[in-house]
Amino acid sequence: MLLIQNAHLIDPASRTDGIRDILIEGEKIIKIAEHIAPEEAAGCGPETAGAAAGADEKTKDASGKTQAAPALTVLNAEGLTAIPGLVDAHVHFRDPGFTWKEDIDSGARAAAAGGVTTVVLMANTKPCVDNADTLRYVLEKGEKTPIHVATCANVTLGMKGKELVDMKALHAAGAAGFTDDGIPLLSEETARAAMEAAAEEGVPISFHEENPAFIRNNGINAGKASAHFGIGGSDRQAEIDMVERDVRLAQETGACVVIQHISTKEAVELVRQARRKGADVHAEATPHHFTLTEEAAIRYGTLAKMNPPLREEADRQAIIEGLADGTIDMIATDHAPHSAEEKAKPVTEAPSGIIGLETSLALGISELADTGRLTLTQLIERMSLAPARLYGLDAGYLAEGGPADLVLFDPAESWTPERFYSRSQNSPFLGKTLKGKIHATICRGRVVYPFAEERAN
């Protein structure tokens with residue numbers, strides 16, 4: 001058993017915002033109250049009598065045999081905020097196929113360090129997740145990590161944009177949703193059929209919205225940044241064109257459609273209008289898109305190269321406004337690990353993407369909560385409850401009988417990442433002073449960060 005005392009609990013589901021004690025037994029929260037004494041904790045669960053006195057106390061199991069009662073660990077969280085474990089619905093762990101960048105084990109470690117207790121993985125691995133065998137591999141390996149690992153499957157076979165996967169079979173095998181993230185689905189006929197199939201299964205389908213007809217050298221915004229590098233870059237119309245199509249198709253098909261890593265003010269407005277018309281459209285914002293602009297690409301080069309690219313200040317502000325009014329209902333990192341050797345290539349050759357699991361909460365606090373654009377409750381809702389509800393996951397809330405997945409952090413404490421736990425280090429935030437330090441991540445009722453070897457030192 002674990003008793004957390006004196007925590008400032010923020011729960012977006014119940015709107016709780018105050019000092020609470022939290023009692024955990026096994027993988028569940030069994031009591032939340034303004035005060036829970038250790039002696040009281042001992043009698044809360046059917047298997048906890050005598051726990052506060054330690055393992056020397058005895059209880060009887062169902063067969064009547066005497067056994068040691070579980071010991072009670074008391075954690076004083078005074079000065080810390082307790083929130084639901086974060087749910088990141090857009091993550092790349094590169095496993096199978098690209099494990100020198102990241103694998104499921106190292107990715108889970110990075111997630112735990114960032115307060116993320118549930119991830120939804122993307123399917124652009126090698127082989128990609130267009131079949132039951134690869135899906136099973138990812139899920140079974142994920143089960144062995146200290147966090148919850150879900151995954152999407154692909155929309156089309158081989159991510160070729162032509163023939164749809166067997167969504168019914170893959171959903172039955174455990175796919176949380178469907179996406180060809182990394183490659184846009186260009187055929188409207190295929191996109192419509194995919195939405196109809198996903199709607200029949202009742203699962204989200206997510207779209208990478210970049211029309212290559214408007215792109216010359218992707219990853220850098222067509223504008224000031226592309227002029228700096230002397231390349232064509234990615235025009236904003238690449239995103240606008242495809243979002244316009246897909247919000248229309250979402251309304252026509254009734255599918256639950258996710259616009260991934262939104263980057264332009266025009267796309268934000270398209271989503272806003274579609275939602276007002278009743279379309280089941282959702283949108284993700286990444287921390288880097290609400291924090292940085294194309295100026296960062298000029299300053300950091302390939303460390304700030306991503307698809308879609310960092311845009312202009314007006315776009316950043318539109319994304320923040322979309323998060324504030326609920327047009328954009330999720331914050332997702334698009335955690336995209338790459339090796340130092342890959343990122344050292346010229347800007348036209350280096351891969352796009354940055355890692356983000358370990359900095360997402362801090363960037364949300366700095367750019368959204370501390371600036372007053374979102375309340376801390378709204379921020380946590382966008383980072384936990386909303387993505388959990390979208391994917392039908394038992395996560396994102398703190399309640400009696402609910403999962404013991406939570407984070408203890410100090411929103412006012414500064415920290416500087418000198419090295420990330422991710423296998424890759426491709427981030428412009430490395431070495432930068434951030435605000436909002438995580439002190440503990442608890443998943444399934446167990447402390448999964450700090451890691452055991454660090455707690456022993």
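**A parallel sheet, a nonpolar core and an annotated aspartate**

In this predicted model, threonine 118 stands opposite histidine 148, a residue of strand β10. Strand β9, which covers residues 116-121, pairs with β10 in the parallel sense, and four bridges join the two. Both belong to an open sheet of three strands with the order β8-β9-β10 and parallel pairing. Strands β8 (86-91) and β10 (148-151) stand at the edges with a single partner strand each, so one side of each has no neighbour in the sheet. On average, neighbouring strands of this sheet are turned by 20 degrees against each other, direction ignored. As background, strands of a sheet pair through backbone hydrogen bonds, in either a parallel or an antiparallel way.

In soluble globular proteins, nonpolar side chains tend to be buried together. Here, the largest nonpolar core holds 74 residues, of which Val119, Phe178, Ile205, Ile262, Leu323 and Leu361 touch the most other members. Helix α2, residues 104-113, gives the most to this core, contributing six residues.

UniProt, in an unreviewed entry, places the feature "active site" at Asp334. This aspartate lies in the loop between β17 (330-331) and α12 (340-343). Aspartate 334 has a relative accessible area of 10% and is therefore buried, the limit being under 20%. Not counting residues up to four places away in sequence, aspartate 334 touches His90, His92, Asp181, His261, Thr286, Asn307 and Ile354.

Glutamine 260 is found in the loop between β15 (257-259) and α8 (265-276). With a relative accessibility of 1%, glutamine 260 counts as buried. Residues up to four places away in sequence again left out, glutamine 260 touches His90, Met122, Thr179, Asp181, Ser206, Phe207, His208 and Glu284.

A last stop is threonine 375, in the loop between α13 (360-369) and α14 (376-390). Its relative accessible area is 44%, which makes threonine 375 partly exposed. Threonine 375 and alanine 324 are 51 residues apart along the chain, and their C-alpha atoms are separated by 8.9 Å.

Note on methods: Residues numbered from 1 in each chain as written. Predicted model: local features only at pLDDT ≥ 70, side-chain atom pairs only at ≥ 80, totals over all residues. Heavy atoms only, no water. Pairing = 2+ DSSP bridges. Axes fitted to C-alpha atoms, helices over the stretch in contact; angles between N-to-C directions. UniProt positions renumbered as here; feature names shortened; annotations may be inferred. Buried < 20%, exposed > 50% of the residue type's maximum accessible area, 1.4 Å probe, protein only. Contact = heavy atoms within 4.5 Å. Core = buried A, V, L, I, M, F, W, Y, C linked by side-chain atoms within 4.5 Å.
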